Amino acid sequence: MTEAKPSTKGLPGGIEPSRLSPDTLAVWAGEGESLVQGATQVPVVYSAAYGYADVDEWLDVATGRVPGHIYTRNTNPTVSAFEEKLRILEGAQAATSFSTGMAAVSGTLFALLSPGDRLVSVKDSYGGTNRIFLEFLPRFGIEAELCETTDHEQIESAVAKGCTLLYLETPTNPTLKVVDIARLAAAGHAAGATVVVDNTFATPINQNPLALGADIALHSATKYLGGHADVLGGAICGAPDLVQKVYHYREITGAALDPMSAYLLIRSMKTLALRIGRQNASALRVAQWLESQPAVTVVNYPGLSSHPQHDIAARQMRGFGGMLSFSLEGGFEAVKRVLPRLKLAHRAANLGAVETIAGPPATTSHVECTPEERAAMGIPEGLIRYSVGIEDPDDLIADLEGALAAA
Ligand SMILES: *Cc1c(COP(=O)(O)O)cnc(C)c1O
């Protein structure tokens with residue numbers, strides 16, 4: 001876990017982070033402390049443990065009185081640099097990391113919830129997160145009430161009935177629904193709840209949940225932070241007492257981020273603002289083009305003025321992201337005809353990479369669900385989730401045009 005003391009830690013020359021734009025922070029933040037012997041890049045520290053000749057010093061570090069590293073399951077210099085970069089980008093006081101996004105989700109839930117507690121969330125959370133709510137939490141005597149994702153009144157009344165943890169995700173996967181973080185965080189706090197927001201789709205470039213009132217911003221670093229579909233990771237950012245609780249659970253249960261993965265994430269995040277800027281602009285163009293296509297019945301993209309929560313998105317996001325989905329008139333049979341004809345897209349389960357990626361919910365976000373469960377969640381069988389890469393948007397539109405001819 002990394003914690004700000006002082007908050008300028010990790011920036012060269014002690015520049016105050018609030019003076020720099022996210023584009024600059026993505027490049028520089030978090031690295032200063034870990035550079036060694038004149039190297040301009042963060043080293044990959046592959047050491048299981050850290051040695052101390054002086055037992056008093058060892059004891060000080062081991063008991064947390066003095067910063068330092070003891071054992072890589074707890075902390076590691078490369079991993080700390082990644083946490084620090086993300087912490088500064090999210091404007092948080094503390095951050096910690098995990099081996100995967102799902103380790104961040106499960107670690108946060110199991111660290112903060114106890115038998116008898118009540119969680120309130122939305123129906124459209126990430127498929128794996130939804131499974132934890134429905135399959136694992138009840139086994140530990142924790143009630144989970146899942147509300148209609150965009151029904152803010154329903155969420156508020158579920159929270160008012162008693163809520164230990166309010167878990168939100170916005171925009172959602174795969175239908176890009178948007179919930180009002182500031183409004184629901186206020187409702188959560190009125191009920192004494194901890195408010196967690198999965199910020200994976202938006203990234204800290206487009207949205208900062210903590211500034212909107214959330215207590216924890218959570219990431220699957222596997223997606224946009226990694227950005228190259230070659231690394232798994234997860235992280236949370238928030239206030240030191242909360243992050244410490246989750247960090248303690250992770251250090252004991254063991255889902256630590258690997259140092260090489262942390263290095264790859266640091267390298268990728270230097271281009272995060274560049275990539276997201278491009279993906280925001282391209283996704284809007286592709287979404288607008290798709291809206292004009294007769295074979296397409298619905299286009300889900302928060303940047304479209306036709307999006308039901310466009311106003312909320314415009315209020316709480318600086319950009320609308322690189323994810324969109326669209327529904328084909330011909331249902332799953334049309335999906336099976338169109339997808340293989342896309343030449344500039346991997347048909348794969350991940351998202352947020354530099355290459356465009358496309359797939360149906362049945363094999364991607366909601367592979368854990370039965371067709372009946374997907375239907376109950378309002379996910380049509382004709383849906384294609386499309387993660388816009390950094391290619392030229394004109395090439396992507398031409399590729400989609402060719403493939404849609406088969407719809
Ligand atoms: C992928 C994803 C996760 C899980 O992350 P992994 O790194 O695959 O474990 C959680 N939330 C969202 C929104 C995701 O897209």
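The model is predicted, and local features require pLDDT of at least 70, side-chain atom pairs count only at pLDDT 80 or more, and totals for chains, interfaces and linings use all residues. Residues are numbered from 1 along each chain as its sequence is written, and side-chain values use heavy atoms, with hydrogens and water left out.

The protein chain contains 15 helices and 13 strands (DSSP runs numbered from the N terminus, H or I of at least four residues for helices and E of at least two for strands). The C-alpha trace spans about 70 × 50 × 35 Å along its principal axes.

Of the 407 residues, 56% are buried (under 20% relative accessible area, with a 1.4 Å probe and protein chains only). Among contacts with a separation of 6 or more, 73% join residues 24 or more positions apart (contact being heavy atoms within 4.5 Å).

Side chains number 31 positive and 44 negative, and the centres of the two sets lie 2 Å apart (Lys and Arg against Asp and Glu, without His or the chain ends; charges placed at NZ of Lys, CZ of Arg, CG of Asp or CD of Glu).

Helix α3 comprises residues 77-89. Its 13 residues reach 19 Å from first C-alpha to last, close to the 18 Å expected at 1.5 Å a residue (1.5 Å times one less than the number of residues). Of these 13 residues, 12 are buried, including F82, E83, E84, K85 and R87.

Conventions
Buried means under 20% relative accessible area, exposed over 50%, partly exposed in between (1.4 Å probe, protein chains only).
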